[in-house]
Amino acid sequence: MALSPLDVVSRSTRIAQRLFEERMLVITAQDSQLHRFNEVGTFIWQLLEKPMTVGAIFTAVEEHFDGVDAGKSFQEIGDFLVSLEKKKCVSICPPKQ
Amino acid sequence: MPTKTIAQQVNIKASKKNIPLSVLCELTYRCNLSCYYCYQKNVSKGNDLTSAKWGDIFKQLARMGTLYLTFSGGEPFLRKDFLDIVSAARSHDFAVSIISNGTLVTKNMIKRLSSLGIMDIGLSFHAAGKDLHDKLSGKKGSFDKTLRALRFCVDAGIKTLVKHSVSTENFKEFSMLADMADKEGSFFECDGNIIPHERGVPSPFVINQSQYKIFLKAMKVASLPRFFKANNSDTLHCDAGRSLCGITPQGEVVPCVQLPIKLGNLQKKSFSEIWYAPAVTKFRTQEKNLDKACERCGIRQFCSRCHGIAFHETDGNWQGASPCLCSRAGAMAGLSRSKGK
């Protein structure tokens with residue numbers, strides 16, 4: 001799935017979450033699966049307290065983490081967001097016209 | 001050694017650091033049924049905490065790192081503010097589970113619970129047929145209502161568990177209930193551990209060792225290697241008072257709802273004051289020093305020890321052996337030996 005920088009990412013309402021030892025734990029209701037995010041994943045998840053565009057997420061990650069390779073991080077963050085959508089942790093929608 | 005799941009890894013860390021990851025909240029001791037084995041029949045009912053107080057407790061638990069919250073009773077749906085309490089819990093992002101007899105729920109209540117994003121609901125069944133179930137629940141028509149609730153939950157997309165306690169009164173029902181759960185699109189959870197309603201003696205409804213063998217074999221418990229704990233030295237201990245605890249309807253914090261050692265009351269103190277107080281530290285130390293007979297037991301690797309059951313069966317000696325669980329471990333050991341032949 002190709003993401004557009006204008007796509008809007010929103011957390012699902014059917015999840016439970018807690019910050020545990022500086023890593024975010026997220027449980028999805030439909031399968032009771034527990035997911036644990038790494039440092040960057042936790043940062044992105046916390047950004048998503050309110051819906052955010054894919055572009056804004058890239059920018060925030062680049063600003064927060066030093067020495068990020070823009071091209072590589074774009075790919076990795078995109079993959080992470082798509083994996084979150086597959087796990088039903090978030091929804092990704094095109095911007096409202 | 002098999003790789004530990006994320007949930008196991010998190011629980012081990014929580015237990016080491018005394019983070020109350022999982023909390024069971026009993027919202028009321030009142031119940032509309034009169035189940036034959038209930039150990040709460042003689043519990044003093046008292047005033048239940050208000051929903052506002054529960055809201056305050058949820059805020060404290062979220063700060064303490066709690067992730068899993070289970071609501072039970074009594075019957076939690078007897079509280080008119082129950083859905084508001086669930087809503088307050090969900091506003092703090094807990095993974096909420098509910099245990100109920102299901103007889104009081106309506107389709108609209110289940111729809112609201114579904115929209116609140118609860119994790120699962122467990123419904124208690126004593127039997128797969130209405131005659132025996134109604135007899136054991138003490139209320140005619142209860143089976144039909146519980147089954148109706150199960151269907152509401154499954155239709156609403158909520159993970160639903162058929163919960164069952166195998167006893168002398170319903171011994172042949174477990175396999176039929178397992179089939180029923182499967183047919184209805186739900187999960188099945190059962191065991192033969194029953195907390196006695198009279199202190200100092202095992203419940204008269206606990207199945208005997210031969211029945212345990214039949215039950216464990218039928219449920220394929222004995223053939224699953226994962227049933228045996230990875231570290232034998234851990235079989236006797238549990239996480240009560242470390243990564244899990246209970247809160248009674250009157251606000252008493254206890255290591256586990258089945259182990260009624262009062263650690264402090266949330267109407268008088270904050271959760272963190274109670275959790276880090278010397279009384280709890282003392283309990284954790286005591287938990288490491290169980291009865292020597294258990295420590296030296298030759299079949300301890302088959303034990304599914306529960307301090308709560310030991311407490312009730314021995315009238316308070318929770319560090320001692322539990323006759324019911326010794327019998328269960330014996331059944332497991334027997335199955336293991338016959339499998340090895």
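Which residue takes a positive phi in the hairpin of strand 2 and strand 3 of chain A? Before I answer, please note that the model under discussion is predicted. The residue is E21(A), with a positive phi near 50°, in a hairpin that has two residues between the strands.

Strand 2, residues 15-20, and strand 3, residues 23-28, of chain A run antiparallel and are joined by six bridges. Within this pairing, I15(A) has T28(A) of strand 3 as its bridge partner.

I turn next to the sheet of chain A. Three strands form an open sheet in the order 5-1-6, with antiparallel pairing. Strand 5 and strand 6, the latter spanning 90-93, are at the edges and have a single partner strand each, so one side of each lacks a neighbour in the sheet. Between strand 1 and strand 6 there are four bridges, again in the antiparallel sense. Here R11(A) is found opposite V90(A) of strand 6.

Now to helix 2 of chain A, residues 54-64. Its buried residues include I57(A), F58(A) and V61(A). These three lie on the same side of helix 2, because the arc they cover around the axis is only 100°. Among the elements of chain A that cover the buried residues of this helix are strand 1 (8-11), helix 1 (39-47), strand 5 (52-53) and helix 3 (70-86).

Finally, the contact between the chains. Chain A contributes 14 residues and chain B contributes 13. On the chain B side, helix 1, residues 6-16, gives the most, with four residues.

Conventions: Residues are numbered from 1 along each chain as its sequence is written. Chains are lettered from A and ligands numbered from 1 in the order in which they are written. This is a predicted model: local features need pLDDT of at least 70, side-chain atom pairs count only at pLDDT 80 or more; totals for chains, interfaces and linings use all residues. Two residues are in contact if their C-beta atoms, placed from the backbone, lie within 7 Å. Two strands pair if DSSP finds at least two bridges between them. A residue is buried if 20 or more other C-beta atoms lie within 10 Å of its own, exposed if 12 or fewer, and partly exposed in between; C-beta atoms are placed from the backbone. The arc is that of the directions from the helix axis to the C-beta atoms.
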